[in-house]
Each structure stands twice: as C-alpha cells, then as structure tokens.
Amino acid sequence: MLPKQWNLLQPDKDLAAELASCCELHPFLALLLTAQGIGDPDEAMAFLLGTEEDMDPFSFADMDRAVERIRTALEKHEKILVFGDYDVDGITAAVSLYSYLKQKGADVSYRIPLRDNGYGMHVSDIEAAASDGVKLIVTVDNGISLLEEVKLAHTLDVDVVVTDHHQPSSELPCAVAVVDPHRTDCESICKDYAGVGVVFMLLCALEGDGEAIFEEYGDLLALGTLADAMALRGFNRDLIRRALTCLNHSNRPGIRALRRVAGCDSNDLTASFVCFSLVPRMNAAGRVADPAIAAQLLLAEDDSVANDLAAQLQECNLQRQKIGAEIALQAQSRLEENARWQYDRVLVLDGRDWHVGVLGIVAARLSECFGKPAFVLSVGEDGIAHGSGRSQPGFSLFEALHSCQELLVAYGGHEQAAGVTLKEENIPAFREAINRYAASFSAMPAQEIRVAFKLRPEQIDIEKLALMQLLEPFGNGNPTPLFGLYNMKLDNIASLGNGSHMRLSLSRDNVRISVVRFGMSPAQFPVPCGSIVNCIVSLERNEYRGQVNVSIRLRDISYADVDREELREHILQFESLMRREWRPEANAALPNRDQLARLYSLLHRCGSWSGTIEQLLKAVTCAGNGELIVPMSALQLLIALEMWRECDLITLTDHGDYLTIVPVPASGKADLTATTLWKYIERGEEA
C-alpha cells in the first residue's frame with residue numbers, strides 16, 4: 001500500500017559545469033556524476049577510467065596460512081574438498097577454486113549442498129568427508145559461523161580453511177585459516193567482495209599472478225559478484241568492470257550455452273542483463289532441483305554437454321516461475337485471512353510445505369509490493385519452519401534476527417537478505433518480536449526511488465544513452481540512473497506483445513514520446529487518458545535489425561498534482577491506527593456524509609475497482625476534468641474503506657502495490673458508528 005518515496009537528487013548545476021570544464025566532459029555526464037555525489041575531478045576520472053590500485057591478496061588476515069595449508073595439501077597429494085553454496089555466488093566460487101586446484105594436479109572434489117538441507121556445512125558433511133579420507137576442507141561463500149562444525153572436523157583429523165564474506169560473530173571458527181574481509185583485523189581496504197571475490201583473491205595469492213587468474217576466472221568473478229548484489233564501488237567496481245569484459249568474451253562452453261538460452265548470445269552483456277537473465281536461470285537449479293547442474297554447466301568442456309545442461313536450467317527456471325507464482329497467491333490468501341498482519345512493520349507469512357527454494361523470491365516480491373521488510377516461512381512435517389527475508393536499505397534483517405535469536409534455531413545473512421530456521425510453535429512469538437524490534441525505529445526506512453534529475457522529453461536521445469554507458473556497470477552502490485518526466489499528458493495506452501505489457505504515449509510542449517511498462521496490461525492500468533502525470537523512467541538500449549534506439553521504461557507514475565509525501569504520511573498514520581498505536585482527532589479523521597456518498601457512488605458505478613490509493617483518492621475527489629468536487633484525505637478514505645469492510649459492505653484485497661475493492665449487496669442499513677474502528681477513533685474504545 002505504501003507508495004515509494006521519490007528522492008529527486010537535484011545535482012548542483014554549477015558544480016557539474018565546473019566538473020565538465022575541468023575534465024572536458026559532456027555536461028550531461030557531469031550532471032550524472034554529481035547526482036552520484038562525485039564532484040571532485042580526480043574522483044570523477046577514477047570513477048570513469050578506473051584506478052591503478054593493485055589490491056594485495058595478502059592484506060587479508062590469515063591469507064598466508066590459507067595459502068600455506070593448501071600448498072601443503074597439493075605437495076602431499078591430500079584429498080581436498082571444496083564446500084560451496086547453492087546460489088550463484090557459492091557455485092562460481094566453488095567452481096573457480098575446484099578448477100584451479102584440479103589444474104594443479106590436486107586430488108580435489110567439490111560439494112554443492114541442496115537448498116533443502118539448509119545453508120552451510122553440516123556435521124553429516126564433515127563426517128562423510130572424514131570417512132572418505134578428506135584431509136582438507138575449504139569452504140567458499142560459507143563457514144564463518146561454523147564454530148561447532150570446525151571443532152568436530154579437528155577431532156576427526158580434518159583441517160578446515162574458511163573463505164567467506166558474511167559478517168562474523170565475536171568468535172571465529174578454530175580453523176587453520178579464516179579469510180573474510182569483515183574480520184576486524186583484516187587489513188584489506190575493500191570490504192565489498194562476494195564469496196567468489198574472496199576466492200579470486202585466494203587464487204591470486206596461490207598463483208602469484210593476478211593477470212593470469214583474471215584471464216582464467218574473471219567471467220566467474222563477474223557472474224557471482226553481480227548475482228550476490230555486492231556493492232559496486234571503489235576497488236570492487238574496478239574489479240567487476242574488468243571482469244564483465246571477461247564474461248562478455250568468455251570461451252567457457254557453459255557460459256556460451258547459458259547466453260544462448262537467455263537470448264543474448266550476440267549482444268554485449270550489461271550488469272543488469274546478467275542479474276535479470278543469466279542469474280535467475282543459474283539460481284533456478286538450486287531452487288527447484290540440484291544446484292550441481294549449474295556447477296556442471298560451468299565446468300562443461302563440450303558444447304553439446306553444455307547445451308543440454310543449459311536446457312535443463314531453462315526448464316528449472318520455468319518451473320521456478322510457476323511455483324513462485326503459486327506460493328505468492330497462497331501468501332496473499334494468508335494475508336487476507338489475517339488482515340491485521342498487513343499493517344505490521346515487518347510482514348511474516350507462513351505456509352505448510354511451501355517450496356523452500358522460492359521463498360526468497362516471494363519475500364522479495366512482498367517487500368517490493370508492500371514497501372516493508374518481509375519474511376516467508378515454510379513449515380515442514382517435522383514442525384520446523386525454514387524461511388527467507390528481504391528488506392530495504394536502512395533496516396538490517398541480520399540485526400533484526402539477532403534481536404530475537406532466542407526464538408530461532410538458526411539464522412544468517414546480510415542487511416537486505418537473510419535466512420531463518422525456527423520451530424512452528426515460535427512463529428507467532430517471532431512475528432511479535434521482530435515487529436517489536438522494528439518499533440524501536442523512530443520511522444521505518446522508506447522504499448526509495450532515487451531520481452538523478454528531471455528531463456524534458458526533447459532531451460532524450462541516443463547520445464545520452466551512450467554517455468550513461470560510461471558509468472557501467474550498474475548495480476548495488478552504483479544504481480542505474482533514473483529520470484523524472486514531469487507534467488506529461490497521457491495521450492494513449494496500447495497493449496504490447498501478448499497483451500501483458502503496454503506502451504504509453506506521453507506529450508509535453510508538442511513533443512511526444514513512447515514509454516513502455518512491462519508486466520501490466522492496459523486493463524490493469526487505472527490512470528485514464530488525458531491525465532497530467534509525473535513519471536520516473538530509465539533509458540535503455542534497444543537494438544533491432546542493427547538499428548539502436550532509446551527505449552524509455554516506466555518505473556513509477558503519479559498524478560502531477562498529488563502530494564506523495566502527504567499521501568505516504570496518511571497511509572503510515574492509518575497503519576498506526578490499525579495497530580492501535582495512534583489515535584487521531586475524531587473530527588479530522590472520520591469521513592463525512594458527502595465523502596461517503598461520493599465513494600459509495602463511485603464503487604457501485606464501477607462494480608469493482610482496482611488500483612492504488614492515490615488513484616482511488618483522485619477518482620473520489622475530482623471530476624473527469626480534474627476539478628475538485630469533494631475534498632477528502634487519504635486517511636479519511638482508508639478509514640471509510642476499513643469501516644465498510646468491517647460492515648461487510650465491500651471485500652477489499654490489499655495486493656501491496658494496488659487494491660481490489662468489490663461492493664457487496666447490503667441486506668440492511670449498516671451502522672458505521674458501531675464498528676470497532678469508529679469507536680476507537682471517537683472514544684478510544686477497543687473491542
């Protein structure tokens with residue numbers, strides 16, 4: 001329900017002009033840099049051209065010990081096990097280290113655990129390795145929290161080298177070496193490595209030749225780092241920019257096959273395309289099948305084998321999409337059955353035997369739609385719930401889980417993505433505890449859209465697109481620039497493709513442009529033609545039959561005369577009201593007769609209504625020509641809808657990013673003053 005917060009950066013034009021003059025940059029490029037907070041000439045040139053900085057792999061704590069132990073294993077021909085993880089970062093890290101050691105003649109194997117078995121290495125894995133004669137286990141993209149497991153390995157005469165990039169606790173595993181940039185005693189300047197990035201630095205330390213390692217494993221470095229959404233800033237950004245070039249020119253049969261099934265075997269890969277096309281296909285194996293399929297693809301030496309494995313990943317991805325859509329519908333049903341949950345600061349939804357492989361995707365969808373952190377839990381037959389959470393910047397899921405750790409069997413992750421395991425009986429207490437932690441924030445961080453600056457439609461051309469590409473790769477820490485098109489007239493809406501997408505025709509000052517909106521049909525788009533709107537858009541490259549054009553993609557839209565900050569504040573007030581944490585003045589909050597009559601007439605005339613609160617408020621308060629008819633606040637509108645729902649006069653489904661409202665034929669006259677919400681607002685009474 002919460003609209004995204006538009007943050008118009010409004011860069012310093014004088015500073016941009018000075019930067020453009022000093023560095024001989026195009027004014028548009030200088031504006032983009034200053035919008036990113038880069039106004040210093042030296043910093044700007046380093047951002048555009050990269051730095052000559054050569055990161056020393058031995059600046060990592062314990063790197064010397066890790067190298068020494070691995071070299072000893074090579075010399076003695078000891079059995080080595082590389083233990084990875086089921087996501088793309090863990091898979092690329094495992095494949096990189098395994099391939100390198102194999103080339104060095106090592107007696108090495110790798111293990112990619114099933115997602116169903118949970119994150120990280122378990123006791124059973126260590127026992128199996130010991131019985132198989134393994135003398136050294138090297139963990140990649142996991143291991144930093146394996147305190148008891150590493151102790152067990154030591155008793156079984158198995159050494160462990162941990163390489164990880166997750167946050168450590170106050171106690172480190174008693175391994176031979178623990179290589180993690182987040183160790184307090186780690187002197188590595190860069191802290192933004194993915195798991196595959198830490199392994200890459202390990203390989204550089206082992207080989208003593210970073211260029212050779214780049215040539216051989218740069219493609220896997222790019223794939224794993226982009227997949228894990230690591231921050232692209234400083235040294236890590238320079239590293240991935242180079243690595244992305246390696247990925248584009250990779251001769252690895254598995255990469256070529258993956259690009260073919262994704263339909264990008266001829267075009268240059270951007271970071272965005274890697275994240276939204278290649279990564280989901282690779283991750284799909286671990287979500288619905290065996291993640292080893294993805295590892296086998298990257299290790300394939302034959303095109304025929306690689307093509308077969310890529311086809312399997314394509315099928316896994318289709319299956320993943322279907323399962324994810326089904327669970328999303330079931331999660332929505334759970335929310336409808338427990339309507340009060342939607343007003344929580346953190347959503348916690350659980351279901352029986354939901355496929356654990358897609359829980360993170362469903363949690364991300366809920367977090368995106370509702371504008372708040374979300375956890376999705378699946379309860380198994382053993383009464384244990386496994387789940388995934390997703391969040392916005394500013395609210396750390398790891399810290400939130402740490403605050404209620406006494407209720408959990410296990411947990412781990414990052415600020416914006418985390419996993420959790422707990423007993424089914426503790427789910428209600430967990431929901432309460434994590435929301436109590438969230439209540440300690442003066443305000444929950446908003447879901448934000450950062451807008452570089454406003455553009456006039458006539459300013460959009462192919463040159464701007466080429467200038468933007470100088471800022472690649474885009475991703476976490478270096479987001480794709482978004483632009484504001486303000487006071488645009490919506491002239492026409494047409495369907496695209498099979499009807500599930502659409503094209504908007506917008507105009508201003510006699511300049512007309514086309515803007516595409518994916519994932520929504522014209523029937524689902526409730527802003528009527530003739531409206532004056534503000535749009536947030538991205539500019540993307542579209543190549544067809546050798547002709548390159550600018551594709552303008554709609555990211556968000558609002559009526560030009562709506563105060564979005566006020567709208568957001570009213571929605572937050574309503575949620576506080578529904579949690580009984582705040583009580584407004586009755587005279588200012590309760591809707592009057594004229595407002596109720598106008599809303600009633602609109603809903604019954606439509607038969608059913610689907611759209612955002614902003615759009616419904618506009619339809620209730622204004623005539624078709626935009627003239628104000630009945631003043632009404634968003635808070636009053638939400639209170640009216642909730643009271644009608646309580647009286648069974650409407651069914652209301654909150655999908656997060658839009659509402660569906662269907663009037664119900666009344667059997668008699670409803671008394672709104674008898675609703676619990678009316679009583680609470682007017683007299684402070686609680687049912």
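Me: In what order do the five strands of the parallel open sheet stand?

Reply: The order is S3-S2-S4-S5-S6, with parallel pairing. Helices (H or I, at least four residues) and strands (E, at least two) are DSSP runs, numbered from the N terminus, and two strands pair if DSSP finds at least two bridges between them. This is a predicted model, in which local features need pLDDT of at least 70, side-chain atom pairs count only at pLDDT 80 or more, and totals for chains, interfaces and linings use all residues. Residues are numbered from 1 along each chain as its sequence is written, and side-chain values use heavy atoms, with hydrogens and water left out.

Me: Back to that sheet, which strands stand at its edges?

Reply: Those are strand S3 (107-111) and S6; each has a single partner strand, so one side of each is left without a neighbour in the sheet. On average, neighbouring strands here are turned by 15° against each other, direction ignored. Axes are lines fitted to C-alpha atoms, for helices over the stretch in contact, and angles run from 0 to 180 degrees between N-to-C directions.

Me: How many bridges pair S2 with S3?

Reply: Strand S2 (residues 79-83) pairs with S3 over five bridges, in the parallel sense. Within this pair, Ile-80 stands opposite Val-108 in S3.

Me: Where is Asp-180 placed?

Reply: Asp-180 is in the loop between strand S6 (177-179) and helix H8 (195-207).

Me: Is Asp-180 buried or exposed?

Reply: Asp-180 is buried, and it has no salt bridge. Buried means under 20% relative accessible area, exposed over 50% and partly exposed in between, with a 1.4 Å probe and protein chains only. A salt bridge is a side-chain nitrogen of Lys or Arg within 4 Å of a carboxyl oxygen of Asp or Glu. The nearest side chain of opposite charge is that of Arg-183, 7.7 Å away; Lys and Arg count as positive, Asp and Glu as negative, and His and the chain ends are not counted.

Me: What does the side chain of Asp-180 reach, then?

Reply: The side chain of Asp-180 reaches the backbone nitrogen of His-182 at 2.8 Å. Not counting residues up to four places away in sequence, Asp-180 also touches Phe-60, Ile-144, Asp-164, His-165, His-166 and Cys-186. Contact means heavy atoms within 4.5 Å.

Me: Turning to salt bridges, how many are there by this rule?

Reply: The count comes to 35 salt bridges. One of them joins Glu-78 to Arg-69, with the closest N and O atoms 2.9 Å apart. Glu-78 counts as buried at 16% relative accessibility, and Arg-69 is buried with a relative accessible area of 11%.

Me: Which residue forms a salt bridge with Arg-564?

Reply: The partner of Arg-564 is Glu-614, and their closest N and O atoms are 3.6 Å apart. Arg-564 lies in helix H19 (residues 564-578) and Glu-614 in helix H22 (residues 613-621), so the pair ties together parts that are 50 residues apart in sequence. Both Arg-564 and Glu-614 are buried.

Me: And what about Arg-645 and Glu-642?

Reply: Arg-645 forms a salt bridge with Glu-642, the closest N and O atoms being 2.8 Å apart. The two are three residues apart in helix H23 (residues 634-646), which means that about one helical turn separates them. Elsewhere, salt bridges with shared partners join Asp-62, Arg-65, Arg-183 and Asp-185 into one network.

Me: New topic: how do S17 and S18 run?

Reply: They run antiparallel, and twelve bridges join S17 to strand S18 (residues 547-559). Ile-536, for instance, stands opposite Asp-556 in S18. S17 and S18 form a hairpin with two residues between them, and Arg-545 in the turn has a positive phi of about 55°. Strand S17 (residues 532-544) is also joined by five bridges to strand S14 (residues 483-496), and this pair is antiparallel as well.

Me: What is the strand order in the open sheet with mixed pairing?

Reply: Its five strands have the order S7-S8-S9-S11-S10. Strand S7 (347-352) and strand S10 (410-413) stand at the edges; each has a single partner strand, so one side of each lacks a neighbour in the sheet.

Me: Which helix lies across S7, S8 and S9?

Reply: Helix H15 (residues 359-370) lies across S7, S8 and strand S9 (384-390), and runs at about 45° to S9.

Note on methods. A polar contact is a pair of N or O atoms within 3.5 Å; within protein, one must be able to donate a hydrogen and the other to accept it, and residues adjacent in sequence count only if both atoms are side-chain atoms.
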